[in-house]
Amino acid sequence: MKIGILGGTFNPVHIGHLILAEEAREKLGLDKVIFVPTFLPPHKDNSGIALATDRLSMIKLAIKTNKYFVVSDTEIKRNGRSYTIDTIKEFKERFRTDDLYFIIGSDLLKYLDEWKDLNEIIKLVRFIVATRPGFPLEKIPSYIDTLPIRAVDISAFEIRECVKENKSFHYLVPEGVFNYINKRGLYK
């Protein structure tokens, strides 16, 4: 099988994440895409991040109608900062005979030098960088394959700001996620 791995904070998961996953699945011929929310991102300020259990629940709501999408709580179970290499090793152990495709947005390219054990990661997976508005694909290392996807300029930061300012974010996230955020009072 060909399995895509899409990690992130997903604070909250939004339409842009889903479009990225679906286009990657289709264009790369993936059998499934695994969403992997982190417990604590290693390279971000962790203030303003919803509880891991809330972010996991929102992903489940967002992907429930797509039979090719699943979510893994692998990093959440670690209860601390997670590094991509640890998750990739765990998935390589679990999916021994499958091809793994690690998918990131082009906004993360500038941080690659800071990644733990990057040289080992690129030996274990096919590394895919998808285009993201405002983050051009330039100076791409040879070990990375690029994937042009539909330009959807939505960010989780923008959604959180809308919630704080009591502005509409209704169509930026799936309906279930919209209802969950409002019901739980997240990001206020």
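Predicted model: local features only at pLDDT ≥ 70, side-chain atom pairs only at ≥ 80, totals over all residues.

Author: Begin with one side chain and its partners. Beyond four places in sequence, Ile181 touches Pro12, Met58, Val163, Phe169, Leu186 and Tyr187.

Reader: Which residues have the most contacts inside the largest nonpolar core?

Author: They are Leu6, Phe35, Met58, Phe169 and Ile181. This core holds 37 residues.

Reader: Which helices and strands each supply at least two residues of this core?

Author: The helices are α1 (15–28), α2 (52–63), α6 (156–164) and α7 (175–184). The strands are β2 (32–37), β4 (99–105) and β5 (126–130). The most comes from α1, which gives five residues. Another core, of 20 residues, lies apart from this one; Ile34, Phe102, Phe127 and Val129 are among its members.

Reader: Now a helix. Which residues of α4 are buried?

Author: Helix α4 spans residues 84–94, and its buried residues are Thr84, Ile85, Thr87, Ile88 and Phe91.

Reader: Why do the buried residues of α4 line one face of the helix?

Author: Look down the axis. The buried residues of α4 fall within an arc of 160 degrees, so they line one face. The general idea is this: an α-helix has 3.6 residues a turn, so residues three or four places apart point the same way.

Reader: What covers the buried residues of α4?

Author: The cover includes strands β1 (2–8), β2 and β4. It also includes helices α3 (74–78) and α5 (118–124).

Reader: Next, single residues. Is histidine 170 buried or exposed?

Author: Compare the relative accessible area with the cut-off: buried means under 20%. Histidine 170 has 18%, so it is buried. Histidine 170 sits in the loop between α6 and α7.

Reader: What is histidine 170 in contact with, leaving aside neighbours within four places in sequence?

Author: Its contacts are Glu175 and Phe178. With glutamate 175, the side chain of histidine 170 makes a polar contact of 3.2 Å.

Reader: And lysine 188: buried or exposed?

Author: Apply the other cut-off: exposed means over 50%. Lysine 188 has 66% relative accessibility, so it counts as exposed. Its place is the segment after α7.

Reader: Which residues does lysine 188 contact, neighbours within four places in sequence aside?

Author: Val163, Lys164 and Asn166. Now set sequence against space. Lysine 188 and asparagine 166 are 22 residues apart in sequence. Their C-alpha atoms are 8.4 Å apart.

Notes
Residues numbered from 1 in each chain as written. Heavy atoms only, no water. Core = buried A, V, L, I, M, F, W, Y, C linked by side-chain atoms within 4.5 Å. Buried < 20%, exposed > 50% of the residue type's maximum accessible area, 1.4 Å probe, protein only. Helix = DSSP H or I, 4+ residues; strand = E, 2+ residues; numbered from the N terminus. Contact = heavy atoms within 4.5 Å. Polar contact = N/O pair within 3.5 Å; in protein donor to acceptor, adjacent residues only side chain to side chain. Arc of directions from axis to C-beta.
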